[in-house]
Amino acid sequence: VVTTPRWGNGRGGGRAGWFPRVGALTCSSLTHPCLFLSCSRCFPSALSHGRIPAGRWQQVALGLGLGATMAAVPITQHQPTSLNHEDLIKRAVSLVTDGANTFLSQTTLALCDALTEYTKAIYALIALQKIYNDQSGQISEKEEDAIWQIIIEARVKMKEKQEKYLSFETKWMTAVHLSETAAGAAYQTGADLASVAVHTHIQMAQSQVGEVKQLALEAENKLAKVQVEEINLKGKEASVKGIQRTAIQPANDEEIPEQYLRED
């Protein structure tokens, strides 16, 4: 039995001021038939032995009956039966803004990753180009061809990364335009908070993309400088070879005596 009545006033055991103390009595225990029946058996027994006054027993019985009755009453919440058109439009606009924010977040993440990969490919090509420029004129033609083959592969890879990031950039611009349209629709329908949230999201996305794109532009500028150095080196090598050929040419063209040139 969960609830066991205990009697006593905590002193010597006199009858004055005796009261029942219930250890753990809840509405669910009162509604259970066995537990309620056992409690109802304990109190009359105590009453028959003169431990509880009749008036006190009526108060206890009334409290138990009230608790059981309240436990059996279902509690319902008032729900609105219908919504007006403005509320329904605001709900629809909130769905649109949520979808636009999700689309913008995904495209921003994809574009930033693609720009990062493109920047890495540029720096890899810059490193190879510097190696070639530093060793230009000091290596054999076979070694030079091998280096050029690696440089060509790096350029192809960089071109693929560039095309990928340009594709994601197109999708990202579409997402920005869609978010701006959703923000305008939210403002027109009175959902000011949703409109402000979308505009804030757009600004954050543009800031993130701008930072990553700035790194890519810096890498492109460094690559352009390295390529200019390569062109200058090629020009110097060509001029040196031309001078050498000009210096060697008179030595090869020996003067032929006149008698050998005349026809008999």
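**Aromatic pairs and helices in a predicted model**

Modeller: The structure holds 2 aromatic pairs, where rings of Phe, Tyr and Trp (its six-membered ring) pair if their centres lie within 6.5 Å. This is a predicted model, in which local features need pLDDT of at least 70, side-chain atom pairs count only at pLDDT 80 or more, and totals for chains, interfaces and linings use all residues. Residues are numbered from 1 along each chain as its sequence is written, and side-chain values use heavy atoms, with hydrogens and water left out.

Biologist: How are the rings of Tyr132 and Trp148 arranged?

Modeller: Their centres are 5.1 Å apart and their planes stand at 65°, so the pair is edge-to-face. Planes under 30 degrees apart count as stacked, over 60 as edge-to-face and the rest as tilted.

Biologist: Which helices do Tyr132 and Trp148 lie in?

Modeller: Tyr132 lies in H4 (residues 85–134) and Trp148 in H5 (residues 141–188), so the pair ties together parts that are 16 residues apart in sequence. Helices (H or I, at least four residues) are DSSP runs, numbered from the N terminus.

Biologist: Is Tyr132 buried or exposed?

Modeller: Tyr132 is buried, at 1% relative accessibility, while Trp148 is partly exposed at 21%. Buried means under 20% relative accessible area, exposed over 50%, and partly exposed in between (1.4 Å probe, protein chains only).

Biologist: Turning to Asn101, what is it in contact with?

Modeller: Leaving aside neighbours within four places in sequence, Asn101 is in contact (heavy atoms within 4.5 Å) with Val198 and His201. Asn101 belongs to helix H4 and is buried, with a relative accessible area of 17%.

Biologist: What happens just after H5?

Modeller: Gly190 takes a positive phi of about 95° there.

Definitions and conventions:
Helices (H or I, at least four residues) and strands (E, at least two) are DSSP runs, numbered from the N terminus.
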